[in-house]
Amino acid sequence: MRGEPGVGEGPQPVTPAPARALRVLFLCTGNSARSQMAEALLNRKGQGRFRAASAGARPAMRVHPYAIETLGSYGVPWDGHPPRSVDGLEAEPWDFVITVCDRAKEACPIFPGQPVLAHWGMPDPAAAPGDDAARRLAFRDAFLVLSRRIDLLLALPIDKLERLALEARVGAIGAS
């Protein structure tokens, strides 16, 4: 009968409520290369599970053109923003705060809510010496390191780890 629930209908799937995307802030000194590439990579690879942003302790005037060029050469669109300061972002709720340079680690503000803090230090490709070919290679190397680290982050069983264990695992990614 049409008026009876369930008659002629198979079991109805239960649709889980969509999980909240985890917010990740990547910090470096100038927010012109490493943090911008990390933001674009995680937003692309995270497929909605993560919402990444980036900022700098002392923002540069512009995003380095080789950062944008490198992202494009690997098929990662840059939908980013001009370099911006971390000022004001420390008041926002973050699940993860990841520094990608030593200076940003030293200048990292206190974030409320106890986000997972990690340091993924690496050389600044914008400071690489040499000609254009050598500098482009430095950007490619930085991109590949960040890509690998983000893959490791995405493979973590985040929902199954206690906060301190998660912080240790995310921090260990930066040592790899």
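Q: What makes a residue count as buried in this predicted model?
A: A residue is called buried when its relative accessible area is under 20%. The structure is a predicted model.

Q: Why is Asn 31 called buried?
A: Its relative accessibility is 0%, and the limit for buried is under 20%; Asn 31 therefore counts as buried. Asn 31 is found in the loop between strand S1 (22-28) and helix H1 (34-45). Although Asn 31 is not a glycine, its phi is positive, at about 55°.

Q: Is Gln 47 buried or exposed, and how is that known?
A: The relative accessibility of Gln 47 is 72%. Exposed requires a value over 50%, so Gln 47 counts as exposed. This residue is placed in the loop between H1 and strand S2 (50-56). Gln 47 is not a glycine, yet it has a positive phi of about 45°.

Q: Which residues of helix H5 are buried, and what puts them on the same side of the helix?
A: In H5 (residues 163-173), the buried residues are Leu 166, Val 170 and Ile 173. They lie on the same side of H5 because the arc they cover around the axis is only 45°. The face turned away from this buried side carries Leu 164 and Ala 168, which are exposed.

Q: What covers the buried residues of H5?
A: The cover includes strand S3 (96-99), strand S4 (116-119) and helix H4 (132-155).

Q: How many aromatic pairs are there, and why is the pair of Phe 26 and Trp 120 called tilted?
A: The count comes to four aromatic pairs. The ring centres of Phe 26 and Trp 120 are 6.1 Å apart, and a pair needs centres within 6.5 Å. Their planes stand at 50°; under 30 degrees would be stacked and over 60 edge-to-face, so this pair is tilted.

Q: What parts of the chain does the pair of Phe 26 and Trp 120 tie together?
A: Phe 26 belongs to strand S1 and Trp 120 to the loop between S4 and H4, so the pair ties together parts that are 94 residues apart in sequence. Phe 26 counts as buried, at 0% relative accessibility, and Trp 120 counts as buried at 0% as well.

Q: Why is the pair of Phe 50 and Phe 96 called tilted?
A: With ring centres 6.3 Å apart and planes at 55°, the pair is tilted. It links distant parts of the chain, Phe 50 being in strand S2 and Phe 96 in strand S3, 46 residues apart. Both Phe 50 and Phe 96 are buried.

Q: How do you know that the charge of Arg 23 sits over the ring of Trp 94?
A: The charged end of Arg 23 is 3.9 Å from the centre of that ring, where the limit is within 6 Å and within 35 degrees of the ring normal. The charged end is accordingly described as sitting over the ring of Trp 94.

Definitions and conventions
Residues numbered from 1 in each chain as written. Predicted model: local features only at pLDDT ≥ 70, side-chain atom pairs only at ≥ 80, totals over all residues. Heavy atoms only, no water. Buried < 20%, exposed > 50% of the residue type's maximum accessible area, 1.4 Å probe, protein only. Helix = DSSP H or I, 4+ residues; strand = E, 2+ residues; numbered from the N terminus. Arc of directions from axis to C-beta. Contact = heavy atoms within 4.5 Å. Phe/Tyr/Trp six-rings, centres within 6.5 Å; stacked < 30°, edge-to-face > 60°.
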